[in-house]
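Here are some notes to read alongside the structure, written for someone meeting such a model for the first time. Please keep the sequence in view while going through the points.

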Amino acid sequence: MTRNAFQNLSDEALLDYYHSTRNLRAFRQLYSRHKDSLYRYCAQMNFSAASTVLEQLWHSLLERPPELCGRLLRNWLFIRASQLLTQSATAADTEHNGEPGESPLAEAARMAPGESSALLAAMQQLPRIERNIVLLHMECRLPLATIADIERISLKKCRGLYQQGKDRLREILHGPERQPWQVEEVRL
Amino acid sequence: MSVCERDYQLAAAAMQSPHTLDERVLQQARSFRATRQKYPWVSKAASGCAAFAIAVLLIHPAQYLGALTPSGTSHPVTTSSEIKALASWQEYAGEALARTDPWFELRQTVKTGDHVALCSHWREQKRGTTAEKLPADLAQEARRHCRVLQLR
C-alpha cells in the first residue's frame, strides 16, 4: 500500500489496517491527523498533565485496538482523553490537598499558552465544566449530546452550560453587556 | 460556524503538538514490531538469493570467454610467427583433407588441368561399370570437358 492510499482511508480503516499489519506509516498518518487538536484540548484543560495524558492515550491505542462500538475513532479519542484528564485532575487534587498554596489548576492556568491570544487567556478563566463543554464542542466538534454523556448531565443542562460559557467568554473579552444609562424611568 | 467559533479556531491554530511529545509517541509505536508479511516470496532471504543468482549469471567469467578481441591491428597477418602458424595450419588442413576425402587425388589432377582420369571415370560411370558416382562438382566438370563415346 502506498503513502497516497493511506490518505484516502478513513480513521477506522487506518486503525484496522494498523492493527492487522503494525505498519508504522499507517500509525503516523493516523497520529498526524489528530495530534494537534488533541493537544490543544488537553493543554487547555490541564496544561501540566497534557503530555502524560496524551502519551497514556496513544499507548492504550497502540497496545490494543479500542472497542469503537460503531463510534468514530475521533469521538473515542476525545472521550477517552477527557476521562483521563478528569482522572489525572482528581489524582492531583488528592495529592495537593494537604499542601497550602495555589491549586494546580490555577498554576496550569498561568502556565498555559494564554499569553499569545486574549481568547485563549479568557478560556483559561472559565470554570472547568464550562471550559470542557466549550472546548469539546468547538475544538473537537463533538455533538452536545455526546458531551452531555461525557459529563453525565442532561442535554438541556449541557446546552445551557455551553451557552453560559460562551456568554462568559464574550464578557471577559469585550466587557459586560451594554446597560441603559438610566434604569429607572424618570417621572416628572 | 459562528463568529465565536471562528475566532477560537484562529487563536488556537497557533498551538501545535510539541515535537518531544510526537517523538515519544512515535517511539512507543516503533516498539511494536511489524507483523510478518503475507507474501513469503518477497522475503529478504528469497530476494537476496535471487539477486545473488542474477549477479553470478551476469559477472560469471564464462560469459566472456572469447569475448576479448585480439590486440587490434590494421593488417590481418603481420608477424612471422603468425605467418608460420597459418602455413602450418594449411599444411595440416591439406593432409587432413586428403585423409578424409576419397576424391582428393582426382580433384588435384583436375585442378592441374589433366582431365584424363576424370573422363575415364565419367565414361565408366555412364556405362554403368562402376557403382561409385562422381560428386556434384566433379560431375559438372566432367560434363563440360568430356565426351561420352556412344556404344553400339
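1. Chain A has 10 helices and 0 strands, where helices (H or I, at least four residues) and strands (E, at least two) are DSSP runs numbered from the N terminus. Read from the N terminus on, the elements of chain A run α-α-α-α-α-α-α-α-α-α.

2. This is a predicted model, in which local features need pLDDT of at least 70 and side-chain atom pairs count only at pLDDT 80 or more, while totals for chains, interfaces and linings use all residues. Residues are numbered from 1 along each chain as its sequence is written, and chains are lettered from A and ligands numbered from 1 in the order in which they are written.

3. Of the 188 residues in chain A, 28% are buried, a residue being buried if 20 or more other C-beta atoms, placed from the backbone, lie within 10 Å of its own. Among contacts in chain A with a separation of 6 or more, 58% join residues 24 or more positions apart; two residues are in contact if their C-beta atoms, placed from the backbone, lie within 7 Å.

4. Helix H2 (residues 11-21) of chain A packs against helix H3 (residues 24-45) of chain A at an angle of about 145°, with axes 9 Å apart; axes are lines fitted to C-alpha atoms over the stretch in contact, and angles run from 0 to 180 degrees between N-to-C directions. On the H2(A) side the contact is made by Asp11(A), Leu14(A), Leu15(A), Tyr17(A) and Tyr18(A), and on the H3(A) side by Ala26(A), Phe27(A), Gln29(A), Leu30(A) and Arg33(A).

5. Which residues touch the most other members of the largest nonpolar core? In this core of 44 residues they are Tyr41(A), Cys42(A), Ala50(A), Val53(A), Leu54(A) and Ala81(A); a nonpolar core is a set of buried Ala, Val, Leu, Ile, Met, Phe, Trp, Tyr and Cys residues joined through C-beta atoms within 7 Å. H3(A) gives the largest share of this core, 9 residues. Domain 1 (6-108) and domain 2 (113-175) of chain A both contribute residues, so the core lies between them, the domain bounds coming from an automatic or database domain assignment.

6. Leaving aside neighbours within four places in sequence, Leu54(A) is in contact with Leu38(A), Tyr39(A), Cys42(A) and Leu21(B).

7. The contact between the chains takes 26 residues from chain A and 22 residues from chain B. On the side of chain B that touches chain A, helix H1 (3-12) and helix H2 (19-30) of chain B are the elements that give two or more residues, and H2(B) supplies the largest share, 8 residues.

How values were computed. Buried ≥ 20, exposed ≤ 12 C-beta atoms within 10 Å, placed from the backbone.
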